[in-house]
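Good morning, everyone. Please bring the model up on the screen, and let's walk through it together.

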Amino acid sequence: MKLIIGLGNPGPAYEKTRHNVGAMVADSLVFSYGEKFSVHKRSGAETATVRIGGEPVMVAKARTYMNVTGRQIGPLAAYYSVKPDELLVLHDELDLDFGQVRLKKGGGEGGHNGLRSISSAVGTRDYLRVRLGIGRPPGRQDPADYVLKPFSSAARTDVDLLIANGVDATELLVAQGLETAQNTVHAW
């Protein structure tokens, strides 16, 4: 079974922040299939199962803070014997312009503590990633402050498009595999 992880921080103070765009995509994906999250008793993460291209796929969000996501995702992946190439992580990406979506497998964490926590928990960096561009902070603003700020109300339409494109990219990645999905998504 494939496991899709939407990265974010718990609670209403963080739900509309740049750092939670991965969790926003996970929410939208699950909602689009008419499903709801429930708490997985063994891991503590929120999970829902959807069928993408006829294949059952588990979508999950940790109920911990981003920096310790692996505490719940590691046990969840172990419980279902998820291999690294069956793990997809949806996350915010400072190094992509706002609105861009890119797919890749493996690589570094680029200072992203959520990715670092998952890599540590599953023992590899070699998992699939849906990178959701939030752009760099303006001026000399600290990136840590920037990612924890909500999107402006003026950017709401663009955020909705980013989330929709993130859902589409995730579905393509599951249904078609990395290379074919990259050819489509990277042309957007």
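I'll start with the sheet, move on to the helices, and end with a salt bridge. Keep in mind that this is a predicted model.

First, the sheet. Strands of a sheet pair through backbone hydrogen bonds, and the pairing can be parallel or antiparallel. Here we have an open sheet of seven strands. Read across it and the order is S2-S3-S4-S1-S5-S7-S6. The pairing is mixed.

Which strands sit at the edges? They are S2, residues 38-39, and S6, residues 101-105. Each of these two pairs on one side only.

Now look at S5 and S7. S5 covers residues 87-93, and S7 covers residues 128-133. The two run parallel, joined by six bridges. To find your place, pick Leu88: opposite it, in S7, stands Leu128.

Next, helix packing. Two packed helices are described by the angle between their axes and the distance between those axes.

Take H1, residues 21-32, and H5, residues 156-176. Their axes come within 9 Å and cross at roughly 65°. H1 and H5 are therefore roughly perpendicular to each other. The crossing is right-handed. Who makes the contact? From H1, it is Val21, Met24, Val25, Ser28 and Leu29. From H5, it is Val159, Leu162, Ile163, Gly166, Val167, Thr170 and Glu171. Sort the residues of this H1 and H5 contact by class, and you get eight nonpolar, three polar and one charged.

H5 brings Ala169, Leu172, Leu173 and Gln176 to the contact. H6 brings Leu178, Thr180, Ala181, Thr184 and Val185. By class, the contact of H5 with H6 has six nonpolar residues, three polar and no charged.

H6 also takes us back to the sheet. Helix H6, residues 178-185, lies across S6 and S7. It runs at about 160° to S6.

One more helix pair: H2, residues 70-79, and H3, residues 113-122. How far apart are their axes? The distance is 8 Å, and the packing angle is about 40°. H2 passes H3 in a right-handed crossing. Gly70, Arg71, Ile73, Gly74 and Ala77 of H2 meet Ser117, Ile118, Ala121 and Val122 of H3. That contact of H2 with H3 divides into five nonpolar, three polar and one charged.

Last topic: charges. Side chains of opposite charge can pair when their charged atoms come close. How many salt bridges does a search of the whole structure find? It finds five. One to look at joins the side chains of Asp27 and Lys61, at 2.5 Å from N to O. Asp27 is in helix H1, and Lys61 is in strand S4, residues 55-61. The two are 34 residues apart, so to speak of them is to link distant parts of the chain.

That's the tour. Thank you.

Conventions:
Residues are numbered from 1 along each chain as its sequence is written. This is a predicted model: local features need pLDDT of at least 70, side-chain atom pairs count only at pLDDT 80 or more; totals for chains, interfaces and linings use all residues. Side-chain values use heavy atoms; hydrogens and water are left out. Axes are lines fitted to C-alpha atoms, for helices over the stretch in contact, and angles run from 0 to 180 degrees between N-to-C directions. Helices (H or I, at least four residues) and strands (E, at least two) are DSSP runs, numbered from the N terminus. Angles under 35 degrees count as roughly parallel, over 145 as roughly antiparallel, 65 to 115 as roughly perpendicular and the rest as oblique. A crossing is left-handed if the near helix is turned anticlockwise from the far one by less than a right angle, and right-handed if clockwise. Contact means heavy atoms within 4.5 Å. Ala, Val, Leu, Ile, Met, Phe, Trp, Tyr, Cys and Pro count as nonpolar, Asp, Glu, Lys and Arg as charged, and the others, Gly among them, as polar. Two strands pair if DSSP finds at least two bridges between them. A salt bridge is a side-chain nitrogen of Lys or Arg within 4 Å of a carboxyl oxygen of Asp or Glu.
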